[in-house]
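Here's a quick briefing to read next to the model. Have the viewer open and follow along by topic.

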Amino acid sequence: MSDNHINTEEKETPSNQDVTGSEQSRGSDDFIHQGGCLCGAIRYQITHRPFDADYCHCSQCQKSSGAVFQAWMDFKVEQVEWIAGKPVEFASSEHVRRGFCQQCGCTISFRDTRHPGYYTLTIGSLDNPNLIHPNYHIHTANQVSWLNILDTCERYPLDRS
């Protein structure tokens, strides 16, 4: 970690606790955490727990991240504060904007222009990604055949809707 990163104290969360699913864990004032890109040019702070989180196995997430799936967490726009830099966005489809660091290429964000009040960030970009775990899998029809994730999360062949 470079010297220009700002650290916050993080509460320990048991690994078996669903930090996105219970009413008491949502929107608590003591949940302030930070994250950013690989090179540190982009830094953000979240002030609430995400209202949802998922694994996405779609081909666009695979291509944009270079991984076989992407783990995402969802927020209201006002719960995300950019404290250094901002992602550059690529229009990967008519309504989707994928954000990345222009310097290191790190995947950071996802926005659907049809839902302007919401912002999605990669769980892996958190300084402590153990704080959040996904609740479900989407686009499992496109999941690579050799990947076997043994969890109890609900699975959807396409979108969850």
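**The sheet, the pocket and the contacts**

Eight strands make up an open sheet with mixed pairing, in the order β6-β7-β8-β9-β4-β3-β10-β11. At its edges stand β6 (88-91) and β11 (154-155), each with a single partner strand, so one side of each has no neighbour in the sheet. Bear in mind that this is a predicted model, where local features need pLDDT of at least 70 and side-chain atom pairs count only at pLDDT 80 or more, while totals for chains, interfaces and linings use all residues. Residues are numbered from 1 along each chain as its sequence is written, and side-chain values use heavy atoms, with hydrogens and water left out.

**Strand pairing**

- Helices (H or I, at least four residues) and strands (E, at least two) are DSSP runs, numbered from the N terminus, and two strands pair if DSSP finds at least two bridges between them.
- β6 and β7 run antiparallel and are joined by four bridges, with a hairpin of four residues connecting them.
- Phe90 has Arg98 in β7 as its bridge partner.

**The largest pocket**

- The largest pocket holds about 800 Å³ of space. A pocket here is an open set of points on a 1 Å grid over the protein atoms alone, where a 1.4 Å probe fits, with protein on both sides within 12 Å along at least five of seven lines; lining residues have an atom within 4 Å of a point. Grid points are joined across faces, edges and corners, and the volume is the space filled by probe spheres set on the points.
- Of its 27 lining residues, Phe110, Asp112, Thr120, Ile138 and Asp159 lie nearest the centre.
- Elements giving two or more residues to this lining are β3 (52-56), α1 (59-65), β4 (70-76), β7 (96-100), β8 (107-112), β9 (118-122) and β10 (136-138).
- By class, the lining has 11 nonpolar, seven polar and nine charged residues (Ala, Val, Leu, Ile, Met, Phe, Trp, Tyr, Cys and Pro count as nonpolar, Asp, Glu, Lys and Arg as charged, and the others, Gly among them, as polar).

**Nonpolar cores**

- The largest nonpolar core has 20 residues, and Ile46, Met73, Leu121 and Ile132 touch the most other members. Such a core is a set of buried Ala, Val, Leu, Ile, Met, Phe, Trp, Tyr and Cys residues joined through side-chain atoms within 4.5 Å; buried means under 20% relative accessible area, exposed over 50%, and partly exposed in between (1.4 Å probe, protein chains only).
- β2 (43-46), β3, β4 and β9 each give two or more residues to this core, and β4 gives the most, with three.
- A second, separate core of six residues includes Cys58, Cys61, Trp72 and Ile138.

**Salt bridges**

- The count is five salt bridges, each a side-chain nitrogen of Lys or Arg within 4 Å of a carboxyl oxygen of Asp or Glu.
- Arg43 and Asp127 meet at 2.7 Å, N to O. This pair links distant parts of the chain, strand β2 and the loop between β9 and β10, 84 residues apart. Arg43 is buried at 5% relative accessible area, whereas Asp127 is partly exposed at 33%.
- Arg111 and Glu89 also meet at 2.7 Å, N to O. Arg111 sits in strand β8 and Glu89 in strand β6, so the pair ties together parts 22 residues apart in sequence.
- Asp151 and Arg155 form a salt bridge at 2.9 Å, N to O. Asp151 is partly exposed at 26%, and Arg155 is partly exposed at 31%.
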